[in-house]
Amino acid sequence: KIIREFKQDLDISESIQITLYRVLVELINNTLKYAYASEIKIKLGKVKDRITVNYQDNGIGFKVEKEIIGGKGMGLYNIHSRIKSLGGTISMKSKEGKGTRVNILI
């Protein structure tokens, strides 16, 4: 089940839309392949002049640092690279048994 909350009056450039689309597709695919989650929540909004994306699943979780540093998580590395290319920041937190939370600010 995917729950989404998108603020309606967002003015987002096409390049940012495309990047966010690709990032969200990667996150959803990772959740479906590895997390065994029954629920995904995606919130898209704006704080001042910055776009915010909050992604959360209730899956099994994983060790973020191990996946990124260990070279296994190329998809995770690509997500970070895409957001940084827009001048944005991303934080990813996950606990085994507690799911994953990703916060993006552009």
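Analyst: The face of H3 that is turned away from its buried side carries two exposed residues, Lys84 and Ser85; exposed means over 50% relative accessible area, buried under 20%, and partly exposed in between, with a 1.4 Å probe and protein chains only. Helices (H or I, at least four residues) and strands (E, at least two) are DSSP runs, numbered from the N terminus. The model is predicted, so local features need pLDDT of at least 70 and side-chain atom pairs count only at pLDDT 80 or more, whereas totals for chains, interfaces and linings use all residues. Residues are numbered from 1 along each chain as its sequence is written, and side-chain values use heavy atoms, with hydrogens and water left out.

The buried residues of H3 are Gly75, Leu76, Ile79, His80 and Ile83. Seen down the helix axis, these buried residues fall within an arc of 140 degrees, so they line one face of H3; the arc is that of the directions from the helix axis to the C-beta atoms. An α-helix has 3.6 residues a turn, so residues three or four places apart point the same way. The length of H3 also agrees with expectation, because its 12 residues at 1.5 Å a residue should span 16 Å and its end C-alpha atoms are 16 Å apart; the expected span is 1.5 Å times one less than the number of residues. Just after H3, Gly87 takes a positive phi of about 80 degrees.

Next comes the sheet. Five strands form an open sheet of mixed pairing, in the order E1-E2-E3-E5-E4; two strands pair if DSSP finds at least two bridges between them. Strand E1 (2-6) and E4 are the edge strands, each pairing on one side only. On average, neighbouring strands of this sheet are turned by 10 degrees against each other, direction ignored. H3 (residues 74-85) packs on the sheet, where it touches E4 and E5, and its direction makes about 150 degrees with that of E4. Contact means heavy atoms within 4.5 Å; axes are lines fitted to C-alpha atoms, for helices over the stretch in contact, and angles run from 0 to 180 degrees between N-to-C directions.

The two strands touched by H3 also pair with each other: E4 (residues 89-95) and E5 are antiparallel over seven bridges, with Ser94 opposite Thr100 in E5. They form a hairpin with three residues between them, and Gly97 in the turn has a positive phi of about 85 degrees. E5 (residues 99-105) is also joined to E3 (residues 50-57) by six bridges, again antiparallel. In that pairing, Val53 stands opposite Ile104 and Asn54 opposite Asn103.
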